[in-house]
Amino acid sequence: MIDLLFSPVFMCDGFDNPPPPNFSTCEQYWESEANDMEQLSFKVTYGWLANIAAAIIGNVLLFYGFGKAAERMNRRVRDTAFGSLVRQGNYFFILFLCFWYMIVYFDDKYTTYPLLSSCQY
C-alpha cells in the first residue's frame, strides 16, 4: 500500500553504486522504474474511475428505487384513505340529513316526514 505514496528508486551512478543485478546500465534501471510507476498510476486511475462509475450508478438506482417505493407507498395510503372516507362519508351525510329534517319539521305536527323513513340506521 505504501507503494502508492512512495516508490523507492535506489541511487545508481555507475561507479560507486552499480545498477541492480537485473540491469546492465543505470538508464535501463531508471526506465524500468519509470514504466512501473506509470503503470501503477494507470491502474490506480482506472480503479478510481471504476469506483466513481459504481457510485454514480448505485446512487441513480437508489434514487430510482426509493422514488418508486415512495410513489407506491403514497398511492397505497391515498387509496386507503379514500376508501375509508367513502365508507364513512355516506353515514355522515345521511345522519346530517336526518337531523336537518328533524330540526326543520319538528314544529310542524302535520308533516308526514317523507325522508325520515331512511333515517333508520
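A residue is called buried when its relative accessible area is under 20%, exposed when it is over 50%, and partly exposed in between (1.4 Å probe, protein chains only).

**Figure 1. Overview of the protein chain.** This is a predicted model, in which local features need pLDDT of at least 70 and side-chain atom pairs count only at pLDDT 80 or more, while totals for chains, interfaces and linings use all residues. Residues are numbered from 1 along each chain as its sequence is written, and side-chain values use heavy atoms, with hydrogens and water left out. Of the 121 residues in the protein chain, 8% are buried. The protein chain has one helix and zero strands; helices (H or I, at least four residues) and strands (E, at least two) are DSSP runs, numbered from the N terminus.

**Figure 2. The disulfide between Cys-12 and Cys-26.** One disulfide, defined as a pair of cysteine sulfur atoms within 2.5 Å, is found in a search of the whole structure. Cys-12 is joined to Cys-26 with an S to S distance of 1.8 Å. The pair links distant parts of the chain, with Cys-12 in the segment before H1 and Cys-26 in helix H1, 14 residues apart. The torsion about the S-S bond is about -80°, so the disulfide is left-handed. Cys-12 is buried at 7% relative accessibility, and Cys-26 is buried at 8%.

Figure 3. Glu-33 is buried yet has no salt bridge (a side-chain nitrogen of Lys or Arg within 4 Å of a carboxyl oxygen of Asp or Glu). Its nearest side chain of opposite charge is Lys-43, 13 Å away; Lys and Arg count as positive and Asp and Glu as negative, whereas His and the chain ends are not counted. Leaving aside residues up to four places away in sequence, Glu-33 touches Ser-7, Pro-8 and Val-9, a contact being heavy atoms within 4.5 Å.

**Figure 4. The salt bridge between Arg-75 and Asp-79.** A search of the whole structure finds one salt bridge. The closest N and O atoms of Arg-75 and Asp-79 are 3.8 Å apart. Because the two residues are four residues apart in helix H1, Arg-75 and Asp-79 are separated by about one helical turn. Arg-75 is exposed at 53% relative accessibility, whereas Asp-79 is partly exposed at 43%.
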